[in-house]
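Hi,

Here is the structure I promised to send over. Have a look at it first, and then read on for what turned up.

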Amino acid sequence: MGTAAAMPVLHRAESSVQPKKAKFTYCLNLSTIHGQKLGFMGELEVAAKAGYRSVEIWIDTLREYLDKGGKIAEVKSLLNGLGLQIENCIAFAKWVVDDESIRKQALAQMKAEMGLMAELGCKRIAATGMGLTNDATVSLDTIAERYRIVLDLGVSMNVIPLLEVWGSQKQLSTASEAAYCAMQSGGARAKILLDVFHLYKGGTPLDTLSFINPETNPILHMNDYPSTLSRAVITDADRVYPGDGVAPIKRILQILQHREEPLILSAELFNAEYYKQDALIVAKTALAKMKAVAEGV
């Protein structure tokens, strides 16, 4: 009797469907619950309870904790225990002003603050226009030169300064000005930081926002604004939850989300009415509203 032919081995076809890559990382800027006066560690705990895995901290709140005897080791331990990542630190060193002595002090301040961030595993810090006068005496080219100095310092410490747009200033008030300064700095790792409120306040034209390479803007501050307040009179305190105002947030997200890494969406609010509410409810609400406005983008 002949040998039976060997039966072919059947392999399960490998799925060609790859899991969808996340477009966004949801983050809480701790300004959103700062008015409840929880203290630095309390703010971190609320963020984690609300479902965040990423936060933006404020250097002043951290320093207040440290000045009262807190330790960086304790912060690291809490972050690890809560499963939180610090994505960025909001800081205000006057690195951009004309006064050379102030700039020198500011660079020392930035170095110290970058050192703290490096210890905490945070790879970014805000480089704001704090101290700029509103008469535009400091040119964009000069800002670019001074940003390069701060950028090189950050690169050496692996904590990259993000050139932040503030719509209320004469300089660095639009995305185009921040992008120009970042490009003109000549630094390959230059980055900017955009904010829905400040895009409105400074009058950034959204039709040309796509000129910015999304890879250069790792974080978008998420908020909204009512239809009743013009650019001239609206303030930070008038910010509302994403989706509760008239900002074209979906349009902004569609432009900025084309990235290799997820765009970090960070709820940054300063609303006195929210500060009267339970911090956990506010943090949860901000998260839910960010996800709702980003759905389908």
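Searching the whole structure, which is a predicted model, turns up ten salt bridges.

Start with E87 and R124, whose side chains meet at 3.2 Å, N to O. E87 sits in strand β3 (residues 85-90) and R124 in strand β4 (residues 124-127), so this pair ties together parts 37 residues apart in sequence. E87 counts as buried, at 11% relative accessibility.

Next up is R239 with D195, at 3.0 Å, N to O. R239 is in the loop between β7 (219-222) and α8 (249-256), while D195 belongs to strand β6 (residues 191-195), so the bridge joins parts that are 44 residues apart in sequence. R239 is buried, with a relative accessible area of 1%, and D195 is buried with 1% too. These two also belong to a network of salt bridges that links D195, D236, R239 and E268.

Then there's R251 and D207, at 2.2 Å, N to O. Here helix α8 supplies R251 and the loop between α7 (196-202) and β7 supplies D207, so parts 44 residues apart in sequence are tied together. R251 is partly exposed at 35% relative accessibility, whereas D207 is exposed, with a relative accessible area of 63%.

As for the charges overall, the protein has 32 positive and 33 negative side chains, and the centres of the two sets lie 4 Å apart.

Cheers

Conventions
Residues are numbered from 1 along each chain as its sequence is written. This is a predicted model: local features need pLDDT of at least 70, side-chain atom pairs count only at pLDDT 80 or more; totals for chains, interfaces and linings use all residues. Side-chain values use heavy atoms; hydrogens and water are left out. Lys and Arg count as positive and Asp and Glu as negative; His and the chain ends are not counted. The place of a charge is taken as NZ of Lys, CZ of Arg, CG of Asp or CD of Glu. A salt bridge is a side-chain nitrogen of Lys or Arg within 4 Å of a carboxyl oxygen of Asp or Glu. Helices (H or I, at least four residues) and strands (E, at least two) are DSSP runs, numbered from the N terminus. Buried means under 20% relative accessible area, exposed over 50%, partly exposed in between (1.4 Å probe, protein chains only).
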